[in-house]
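Here is a short briefing on one protein chain. Keep the sequence and the 3D view side by side as you read.

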Amino acid sequence: MLNTKYLDQDNLFELIIFQGYKNLVFYWNFAKGMVNTKSEIQDLLKQNRIQNIYGVSEGLKGFSQAFSSEPITNFRYFLTNYFKFTIYEMCSGVKIILLSNISDQTDYSETLKEVYTNYLEIIKRNPFYVHGEPLDNPLFIEKITDIFEPFQKKK
């Protein structure tokens, strides 16, 4: 049964990027703003909620592979009564997770692919970027903002 309590909320809730095992490098709560300093990200990692989001992404991938008759190479999304959980994961260990409203029928797979493309072009090709550090590059943040701006509800 669909929980209608959340239907009037914004379309997008959170964007989370992990590099490797539980290494949070980018967090954006669309209602509250971005978290991109090292201390803020370390504080977020101490919260069970962020650890659980990572664990859910790993668990769902394993669960779907266990019950599929064919190999699943890229688990895309699942719905609950409260939100839609969309994931884009690369073999490099980069995992991009978007939590959005269940009333939003948008397939964000291509959008998250665009986020990853910008990540490669702006972050990974930057010789000064240190792997595992927060993604606080102003150009990257501007591109991500531009990507998601059309999907946010206008109030």
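The protein has 4 helices and 6 strands. The model is predicted. From the N terminus on, the elements run β-β-β-α-α-β-β-β-α-α.

**Overall picture**

- The protein has 155 residues, and buried residues make up 41% of them.
- The accessible surface comes to about 9000 Å². Carbon and sulfur atoms hold 53% of that surface.
- Take the contacts between residues at least 6 apart in sequence: 56% of these join residues at least 24 apart.

**Helix α4 and its buried face**

- Helix α4 covers residues 138–148. Its buried residues are Phe140, Ile141, Ile144, Ile147 and Phe148.
- Seen down the axis of α4, these buried residues fall within an arc of 125°, so they line one face of the helix.
- The general rule behind this is simple: an α-helix has 3.6 residues a turn, so residues three or four places apart point the same way.
- Asn137 caps the N-terminal end of α4. One of its side-chain oxygens lies 2.8 Å from the backbone nitrogen of Leu139.

**The nonpolar cores**

- The largest nonpolar core has 25 residues. Leu15 and Phe148 have the most contacts inside this core.
- Which elements give two or more residues to this core? They are β1, β2, β6, α3 and α4.
- Helix α3 gives the most, with 6 residues.
- A second, separate core has 17 residues. Among them are Ile53, Tyr54, Phe85 and Leu99.
- Now look at Phe148, and leave aside its neighbours within four places in sequence. Phe148 is in contact with Leu12, Leu15, Trp28 and Phe30, among others. Its list of contacts also includes Leu98, Thr111, Leu112 and Val115.

**Salt bridges**

- Side chains of opposite charge can pair when their charged atoms come close.
- How many salt bridges does the count give? The count comes to 3.
- Arg49 and Glu14 meet through their side chains in a salt bridge, at 2.2 Å from N to O. Arg49 lies in helix α2 (residues 48–67) and Glu14 in strand β1, so the pair ties together parts that are 35 residues apart in sequence.
- Are these two partners buried or exposed? Arg49 counts as partly exposed, at 38% relative accessibility. Glu14 is buried, with a relative accessible area of 5%.
- Lys38 and Glu133 form another salt bridge, at 3.0 Å from N to O. This pair links distant parts of the chain, 95 residues apart. Lys38 sits in helix α1 (residues 38–45), and Glu133 is in the loop between α3 and α4.
- Lys38 is partly exposed, with a relative accessible area of 44%. Glu133 also counts as partly exposed, at 26% relative accessibility.
- Lys95 forms a salt bridge with Glu89. The closest N and O atoms of this pair are 3.5 Å apart. Lys95 is buried, because its relative accessible area is 1% and buried means under 20%.

Conventions
Residues numbered from 1 in each chain as written. Predicted model: local features only at pLDDT ≥ 70, side-chain atom pairs only at ≥ 80, totals over all residues. Heavy atoms only, no water. Buried < 20%, exposed > 50% of the residue type's maximum accessible area, 1.4 Å probe, protein only. Arc of directions from axis to C-beta. Polar contact = N/O pair within 3.5 Å; in protein donor to acceptor, adjacent residues only side chain to side chain. Core = buried A, V, L, I, M, F, W, Y, C linked by side-chain atoms within 4.5 Å. Contact = heavy atoms within 4.5 Å. Salt bridge = Lys/Arg side-chain N within 4 Å of Asp/Glu carboxyl O. Areas by Shrake-Rupley, 256 points an atom, 1.4 Å probe, with all protein chains shown as cover.
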